[in-house]
Amino acid sequence: TVNVNNLNALSDLHKKPDANFTYGTAGFRMKAELLDSVIFRTGILAALRSKKLDGKVIGCMITASHNPAEDNGVKLVDPMGEMLEGSWEAHATALSNAESNEHLIDYIHSMVSSLKIDLTKPANVVFGRDTRPSGESLVAALADGLKVLDATVTDYGILTTPQLHYITRCLNTAGTPEAYGEPTAEGYYKKLAAAFKVLVEGKTKLSALTLDCANGVGAPKFKEFLPHLDDALSVKIVNDDVDNPSKLNLNSGADFVKTQQRGPIGLKMAPQERYASFDGDADRLVYYYQDDDNTFKLLDGDKIAGLAAMYIIDLVKAAGIDSISVGVVQTAYANGASTQYLRNSLNVPVSCVSTGVKHLHHEALKYDVGVYFEANGHGTVLFSPSALKTIHSTEGSNPAQAVAARSLRALSEVINQTVGDAFSDLLLVETILTQRQWTPKVWDQAYTDLPNRLVKVVVKDRSIFKTVDAERKLVEPAGIQDAIDAIVLKFRDGRSFVRPSGTEDVVRVYAEAATRPETDELAYRIGGLVF
Ligand code: 16G
């Protein structure tokens, strides 16, 4: 059993405030001042998870991603670098809401018995945090939680979220045939840089990319990374002020650029140059450029997915191994034109799943090579074990095939297999643009986005909104879906759906149609139905 005196003493240092917590799509996330007890208890959960998995290393990342500086959060990473198994999210929520030490102990004991956790097993946990000032004290709360079950811990200090996912996988696969790399930030840089250099070898270097780091952890980390590239890529970093915490994600970063459909404030854009933005923990990436007529053009997650799928399909064919199936996973937020492009021009299967990285990741595992991206810039490409085997055993029967096979091998190394990673995705995009010698405008020509609009509607109780069919249809409240369908029918290329947010107390309405005015009207009319 758990040492109750020890738990009481530690738990008294991290008293639960009067609040209700939920481990949601991206872990716990809220005002940092509310998080102390939540993070302490997440430490206990991480140790339990590790013991349950026979001492496998569990990762713990303290970050609130694209949220404002005063927020923070925590998410857990399972042994292969994937997100915490879904069924454990409820345990995280329950632990965080236990009203007293007694309730906390009772819940831990109920987990131990129902999940058959052997408390004599070791617990191994690693953690990291982004640049938020609250991170330091929250790490101390986490460490206290980990003491409750005597976990062995390693503090990796300041990291991007995908780096922690990478390190977790490396630690759990060390010495096995699936070994993933050296379990350090340095090892991560070396692996990505080596693969990227193979991919662009012999090609003319592109002009410099301007990279907006949202004044977050991506800035110092990308600066650490750049020297490893030996000048294979020119990057000019902007919004790198991590010494002024209040600037984090302020008027900058992937979320700002995607939602505002404009460049970060203060960035002077020149026609046809390439720009990219990370979010606050560097697991999201969007590109953009300014057209000759000065209009702002966004190259979002859908555009990245289209580019990646196009390139991988070509490589697989060029290597003579087109038995490998390539598929793309999107959410309902994917622009209709991107889905059309993937299905009709690239002839790839496209699946649509619910919002949230874990759903996309899960679905992408069904393909030999699964490309998954949310429109907001979260995403990656997964290579199945059998695809990797084929790619590694293919030598090619002529030099062109050999080169394509080599590129595929390097691509599987440059792309983070654990989770969407802005560094990795940036190298993927830069690889393709360099290989093709494309400007962002040429990339953008694959298809033209349908005008779209995303509206937030504040409702009394968002929990009454229930969806099915990958969130594309409302089943409750009854009748609304029929009304939506009737309105959508009246709009050319119209599409609209309503879903409750998983991260904010609002309902989101998405609309797209043939023209901007029609889109706005559609969004307005659908919004009126739920209000
Ligand atoms: C979380 C998800 C993100 C999703 C967003 C939707 C992860 C790591 N993050 O941030 O993928 O797009 O939630 O938010 O899964 P919403 O439910 O408020 O629309």
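These notebook entries record what I looked up in the structure.

**Entry 1: the model.** I note that this is a predicted model, in which local features need pLDDT of at least 70, side-chain atom pairs count only at pLDDT 80 or more, and totals for chains, interfaces and linings use all residues. Residues are numbered from 1 along each chain as its sequence is written.

**Entry 2: the whole chain.** I looked up the secondary structure and found 18 helices and 19 strands in the protein chain; helices (H or I, at least four residues) and strands (E, at least two) are DSSP runs, numbered from the N terminus. The radius of gyration is 23 Å, close to the 24 Å that the globule rule gives for 531 residues, so the chain is as compact as a globular protein of that length. That radius is taken over C-alpha atoms, and the rule is 2.2 Å times the number of residues to the power 0.38. The C-alpha trace spans about 65 × 55 × 45 Å along its principal axes.

I then looked up burial: 50% of the 531 residues are buried. A residue is called buried if 20 or more other C-beta atoms lie within 10 Å of its own, exposed if 12 or fewer, and partly exposed in between, with C-beta atoms placed from the backbone.

**Entry 3: the five-stranded sheet.** I traced an open sheet with the order S1-S3-S2-S4-S5 and mixed pairing; two strands pair if DSSP finds at least two bridges between them. Its edge strands are S1 (28–31) and S5 (152–158), each pairing on one side only. Strands S2 (57–62) and S4 (124–129) pair in the parallel sense over six bridges, and Val57 stands opposite Asn124 in S4. Helix H2 (36–52) packs on this sheet and touches S1, S2, S3 (71–77) and S4. Touching rests on contacts, in which the C-beta atoms of two residues, placed from the backbone, lie within 7 Å. Helix H6 (161–173) also packs on the sheet, touching S2, S3, S4 and S5.

**Entry 4: helix H12.** I found six of the eight residues of H12 (357–364) buried, so this helix is largely enclosed by the rest of the structure. The buried residues are Val357, His359, Leu360, His361, Glu363 and Ala364. Their cover includes strands S11 (326–331), S12 (350–353), S13 (369–373) and S14 (379–383).

**Entry 5: Phe423.** This residue lies in helix H15 (422–436). I recorded Phe423 as buried, with 25 other C-beta atoms within 10 Å. Leaving aside neighbours within four places in sequence, its contacts are Pro162, Leu192, Phe222, Phe225 and Ala282. Phe423 and Cys213 are 210 residues apart in sequence and 11 Å apart in space, C-alpha to C-alpha.

Entry 6: I traced an open sheet with the order S15-S19-S18 and antiparallel pairing. S15 (452–457) and S18 (495–500) stand at the edges, each with a single partner strand, so one side of each is left without a neighbour in the sheet. Six bridges join S15 to S19 (507–512), and Val455 stands opposite Val509 in S19. Helix H18 (516–530) packs on the sheet, touching S15, S18 and S19.

In H18, I found Thr519, Leu522, Ala523, Ile526 and Val530 buried. Seen down the helix axis, the buried residues fall within an arc of 100°, so they line one face of H18; the arc is that of the directions from the helix axis to the C-beta atoms. On the other side of H18, Pro517 and Gly528 are exposed. The buried residues of H18 pack against S15, helix H17 (480–488), S18 and S19.

Terms used: Axes fitted to C-alpha atoms, helices over the stretch in contact; angles between N-to-C directions.
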